[in-house]
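Try each task first, then follow the solution step by step.

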Amino acid sequence: MTQSTPSAASKRSERRPKLGLALGAGAARGMAHLGVLQALEEAGLAPDVVAGTSIGALVGGTYAAGKLDRLTEVALGLDWKQIARYFVEISFPRSGLIEGNKLTALLAEIVGEIELTKLPLPFRAVATNLMTGEEVVVVDGDLVEAIRASIAVPGIFTPARRGDDLLVDGGLVNPVPVSVCRAMGAERVIAVDLNYGRVKDTRARNSTDKERNALASQRPNFDAGQIFEWLERNTKQFDIGLPNPLKAWMERHSLPNVFDVLGNTLGIIESQIAAVRLQVDKPDLLIRPNVGDIRFMDFVHAGGMIEEGRRATRETLKITAGHGASFVVSLK
């Protein structure tokens, strides 16, 4: 996709209300954000400001840096081996399963070294102060560090240090940061909520047979046995053998694993908080891709989620225009 330049955004803001985009939390489901952004730009609705929480911060920050094409390329190329390399580190951190060094290095490779205040598009990342429970909106500093703080899922990633504060996933306090977009001066806000369909998989109701089959065809044979084999190969230098009974048990029993347990726990909290906050901080347009059946680590489904993001955005814009709302017209 061709991302709009800052000068183009400035020209748009002269003839239309300032448009903000709030990208919500949702772990692997956040790959749908890529399709949302593509569809919005196709419709001539590229945002003037962006705020993101957790995976929304990762996608939003990458978009603000003008590197969304590269992130999309990486996402579509992920397989279970690459996911294991990025998310499984041979270390013993005290406050989380993952230090996040490999993932941080990948982000740095994608966006480079850039400060938030130097981004072509204004961007904010939302995190949570672990000690006080307060919402923290990161407005300056290194972009990768801001994203790392926003995606620090408690129990999975170690907290990120910013000054004297320890920061974790922003989904604990503001899963869909509409209020942050308003604070950035947005006069209209489009929000993307990734929690739709979490309780019950309703994909069959909203997708065509072709879409469902395309998504199903991308589901790999991703099981704990493969992860353990990968770990065994990569820990030989440490002379660490995996206990055979444990390995056999993991191969017999399917997921959920610890990532799913912790990720789903946060997801339940986020969905409840998002439901309340979206009633208080109402966006002008709410997009809800139907990706609730996607598990915490299911990044291998990126292609299907991107397509679902596009579909949901186009459908939402079509319904809005069909009801005669002035929202879309006023932004073009």
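**Exercise 1. In this predicted model, find how many residues the largest nonpolar core has and which residues have the most contacts inside it.**

Solution. Step one is the count: the largest nonpolar core holds 71 residues. Step two picks out the residues with the most contacts within this core, which are Met-31, Phe-123 and Leu-143. Step three asks where the largest share comes from: helix α3 (residues 55-64) supplies it, with six residues. Finally, there is a second, separate core of 14 residues, with Ala-22, Cys-181, Met-184 and Val-189 among them. As background, nonpolar side chains in soluble globular proteins tend to be buried together.

**Exercise 2. List what Phe-123 is in contact with, leaving aside neighbours within four places in sequence.**

Solution. Go through the partners in sequence order. Phe-123 is in contact with Val-50, Gly-52, Ala-57, Gly-60, Gly-61 and Ala-64, among others. Further along, its partners include Leu-116, Val-138, Leu-143 and Met-184.

**Exercise 3. Explain why helix α7 is described as largely enclosed by the rest of the structure.**

Solution. Begin with the count: seven of the eight residues of α7 (residues 143-150) are buried, so the helix is largely enclosed. Now name them: Leu-143, Val-144, Ala-146, Ile-147, Arg-148, Ala-149 and Ser-150. Then look at the start of the helix, where a side-chain oxygen of Asp-142 comes to within 3.1 Å of the backbone nitrogen of Val-144.

**Exercise 4. Decide whether Arg-310 is buried or exposed, and find its polar partner.**

Solution. Locate the residue first: Arg-310 sits in helix α14 (residues 302-322). Its relative accessibility is 19%, and buried means under 20%, so Arg-310 counts as buried. For the partner, the side chains of Arg-310 and Gln-38 are joined by a polar contact of 2.3 Å. Not counting residues up to four places away in sequence, Arg-310 also touches Gly-35, Val-36 and Ala-39.

Methods
Residues numbered from 1 in each chain as written. Predicted model: local features only at pLDDT ≥ 70, side-chain atom pairs only at ≥ 80, totals over all residues. Heavy atoms only, no water. Helix = DSSP H or I, 4+ residues; strand = E, 2+ residues; numbered from the N terminus. Buried < 20%, exposed > 50% of the residue type's maximum accessible area, 1.4 Å probe, protein only. Polar contact = N/O pair within 3.5 Å; in protein donor to acceptor, adjacent residues only side chain to side chain. Contact = heavy atoms within 4.5 Å. Core = buried A, V, L, I, M, F, W, Y, C linked by side-chain atoms within 4.5 Å.
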